[in-house]
Amino acid sequence: MADTDLAAQIRTALARVEIPGGGDLATYAGLSEIIVTPGAIAFAIAVATGMEAAFGPARDEAQKAAQALGGARKVMVSITAEKGNSPKFSHGAPVPAGKTPVKGVRRIVAVGSGKGGVGKSTTAVNLALSLAAEGLKVGLLDADLYGPSLPKLLGLEGKPAIRDDGIFTPHAAFGLKAISIGSMLVPGQAVVWRGPMATSGLRQLLRETAWGELDVLVIDLPPGTGDIHIALFQQTVVDGVVIVSTPQDLALIDAQKAIDMLRRMSVPVLGLIENMSYFIAPDTGNRYDIFGTGGAEQAAADLAIPFLGPVPLVMSIRENSDAGTPPVIAAPTGPEAAAYRAIAQRLIATLT
Ligand SMILES: Nc1ncnc2c1ncn2[C@@H]1O[C@H](COP(=O)(O)OP(=O)(O)OP(=O)(O)O)[C@@H](O)[C@H]1O
């Protein structure tokens, strides 16, 4: 059945779900678009602030109705308090209480960037693998719900298995436990979830995955600062964030914004990684500091954050990543692997 037909069938079924105050969910103005992918069904019910609990039974019924039609798909129905009515998280506001850890996970390190395309996902994958190479049990979560790249970078195939109790079994990839919303989409399909659905999707990936016991969970964040970041940092104990930047970007205006947000939300900034820092010629192996040296250290010092190290600009990083074999696995003794390993070691020292 086409995804749109299934969405329409679900909407029809929601006509039998009563909502507080009379009426049914299908015609309720707060019902979002119903998103259907090969692995998931997601929609949100926007309610006035204070009405969240009253809508609980309607949500549960909606969940059942969607599950009955959705087969093996994972159903995510979230209730969200209407934006206009909810308290704003504004500059200088105190961080809300209620951050909780993730069961079985000792440390959470998120990888972020001020803007897109700086190599954040590539860095997150190779950093996670380098932490594993230091003997840690490592998980990797692709929280870049709008542009998931983990399936490609790790060569993940197929959807993650879902247990009878609805919990995801993560993929095993080069010794990591990995999960990505991208695995639940068909290739080329864009995620068009609006804020509340995206944050609820992230919450489920984070909390309803069988991580087992992990020393560290690395989270690949979306670029910039948005709903996903705020939701994650409000709800979850994150040990810190690593910021990836490129030398061209070292005015660091965008990174500065990300750091400001982290500080306001009381999330430690673990340090700066300078990606595509210097060039290694593929033929001679010679190093060229094409952007000069010392800029990143200086920028990190200006921002009062630790400098975790540079990663060279190497053709093989792109080629191996595109082929689904991370560079630290493809060439474990190469200069790129050494760079990621040095960063992982500094990070471990920062965390312990
Ligand atoms: N050090 C490097 N040397 C060579 N190529 C690199 C390096 N780091 C990343 N790349 C390449 O740059 C491109 C962008 O990298 P990546 O997808 O990791 O960026 P991103 O910041 O996560 O992007 P997005 O914002 O889209 O999620 C990819 O083609 C990747 O292979």
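Here are a few notes on the model, point by point.

1. Ground rules. This is a predicted model, where local features need pLDDT of at least 70, side-chain atom pairs count only at pLDDT 80 or more, and totals for chains, interfaces and linings use all residues. Residues are numbered from 1 along each chain as its sequence is written.

2. Domains. The chain is assigned domain 1 (3-85) and domain 2 (105-351), with bounds coming from an automatic or database domain assignment. Taken over C-alpha atoms, their centres are 33 Å apart.

3. Annotated site. UniProt, in an unreviewed entry, puts a "binding site" at Gly114, Lys115, Gly116, Gly117, Val118, Gly119, Lys120 and Ser121. Bear in mind that UniProt positions use the numbering here, feature names are shortened, and annotations may be inferred rather than shown by experiment.

4. The loop. Val118 sits in the loop between β4 (105-113) and α3 (120-133), and Gly119 is found in the loop between β4 and α3; helices (H or I, at least four residues) and strands (E, at least two) are DSSP runs, numbered from the N terminus. Val118 is buried, having 23 other C-beta atoms within 10 Å, and Gly119 is buried with 20. The scale: buried is 20 or more other C-beta atoms within 10 Å of a residue's own, exposed is 12 or fewer, partly exposed is in between, and C-beta atoms are placed from the backbone.

5. Contacts. Setting aside neighbours within four places in sequence, Gly119 is in contact with Val244, Asn275 and Met276. On the same exclusion, Thr246 touches Val118, Asn275 and Met276. Contact means C-beta atoms, placed from the backbone, within 7 Å. Thr246 lies in the loop between β11 (240-245) and α7 (253-264) and counts as buried, with 20 C-beta neighbours inside 10 Å.

6. Ligand shell. The ligand has 20 residues around it, the closest being Gly116, Gly119, Lys120, Ser121 and Thr122; the cut-off is a C-beta atom, placed from the backbone, within 6 Å. α3, β12 (269-280), β14 (307-313) and α9 (315-322) each give two or more residues to the shell.

7. Cores. Which members of the largest nonpolar core touch the most others? Of its 96 residues, they are Ala128, Leu140, Val218 and Val242. A nonpolar core is a set of buried Ala, Val, Leu, Ile, Met, Phe, Trp, Tyr and Cys residues joined through C-beta atoms within 7 Å. This core lies between domain 1 and domain 2 because both give residues to it. A second, separate core of five residues includes Tyr278, Leu313, Val314 and Ile317.

Technical notes. Two residues are in contact if their C-beta atoms, placed from the backbone, lie within 7 Å.
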